[in-house]
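Trainee: I am new to this structure. Could you show me how to read it?

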Amino acid sequence: MTHIIVATHGKFSEEIVNSAAMVYGEDENCHVVTFLPGEGGEHLVEKYNAIIATLPENEPVLFLVDLFGGSPYNAAARVASERGDNTDIVTGISLPMLLEVLDAKDGATLPELVETAKEVGVAAVKSFRQPPEEAKPAAPTPQPTKPAEPVKTSQNSTALSGNMNISLLRIDDRLIHGQVATSWAKAVKCEAIFAISDEVAEDALRRELLLQIAPAHLKAYVIPVEKAIKVYHNPKYAGKTFYG
């Protein structure tokens with residue numbers, strides 16, 4: 001398991017970890033180091049080593065720091081150079097980066113976590129006025145033709161009922177929020193998210209904001225209740241899995 005050390009100038013590290021806990025929950029393998037006025041690089045090295053001394057020997061450590069070339073980074077680089085390949089540093093920490101790293105760390109290697117942090121650090125930067133360009137779909141890879149297989153059905157089959165599968169149904173006036181985007185949408189393995197609200201569906205600004213914060217890998221829809229009922233019973237969506 002990779003242990004995370006969040007280190008920044010001032011108490012930013014404490015507050016960003018507190019903010020992450022509001023969304024993700026507290027994580028005992030996420031450690032905080034502050035860098036306060038009057039302290040120097042040696043103080044940081046001592047703090048880092050004090051944390052590492054409590055960890056199982058040779059377990060990976062990932063430093064998430066604020067500024068490249070700043071004191072938290074420079075001190076972490078000294079520690080990383082002594083520990084070898086099981087320690088790395090990523091700069092430019094943000095809340096989306098921290099949440100993604102916490103979510104992925106139990107099942108990822110240190111290099112994989114580093115790539116995740118770097119990718120999210122860039123992808124999470126959005127502009128309200130300048131929506132991101134839609135990625136062009138990759139050309140489909142030709143597949144060998146296979147004989148059609150019979151469709152397996154049962155008396156309780158969703159296909160027979162004509163209804164979609166709902167992987168998780170939650171009543172929450174926030175509709176799409178941080179926990180949805182970072183944790184639940186991944187855990188329930190759905191194909192799309194429906195935010196169902198008559199009021200929000202008629203409010204262009206609120207609707208657009210919800211669509212912007214939805215996970216990038218999922219389709220998202222903001223629709224009124226009456227339309228949601230029709231969609232649920234539409235045979236077109238039978239067998240598909242959605243979060244609502």
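Trainee: What percentage of the contacts in the protein with a separation of 6 or more is between residues 24 or more positions apart?

Mentor: This is a predicted model. In it, residues 24 or more positions apart make up 74% of the contacts with a separation of 6 or more. The secondary structure consists of 10 helices and eight strands.

Trainee: How many residues are in the largest nonpolar core?

Mentor: In soluble globular proteins, nonpolar side chains tend to be buried together. Here, 37% of the 244 residues count as buried. The largest nonpolar core has 20 residues, and Ile4, Val6, Leu62, Leu64, Leu98 and Val101 have the most contacts inside it. At least two residues of this core come from each of β1 (3-9), α1 (12-24), β3 (61-65), α4 (95-104) and α5 (110-123). Helix α4 gives the largest share, five residues.

Trainee: Which residues is Val101 in contact with, leaving aside neighbours within four places in sequence?

Mentor: Val101 is in contact with Ile4, Leu62, Leu64, Leu113 and Ala117.

Trainee: Which residues form a nonpolar patch on the surface?

Mentor: The patch consists of Phe128, Leu205 and Leu209, with about 270 Å² of accessible area together. For the protein, the accessible surface is about 15,100 Å², and 54% of that belongs to carbon and sulfur atoms.

Note on methods
Residues numbered from 1 in each chain as written. Predicted model: local features only at pLDDT ≥ 70, side-chain atom pairs only at ≥ 80, totals over all residues. Heavy atoms only, no water. Helix = DSSP H or I, 4+ residues; strand = E, 2+ residues; numbered from the N terminus. Buried < 20%, exposed > 50% of the residue type's maximum accessible area, 1.4 Å probe, protein only. Contact = heavy atoms within 4.5 Å. Areas by Shrake-Rupley, 256 points an atom, 1.4 Å probe, with all protein chains shown as cover. Patch = residues over 30% accessible without salt bridge, like charges linked within 9 Å, V, L, I, M, F, W, Y side chains within 5 Å. Salt bridge = Lys/Arg side-chain N within 4 Å of Asp/Glu carboxyl O. Core = buried A, V, L, I, M, F, W, Y, C linked by side-chain atoms within 4.5 Å.
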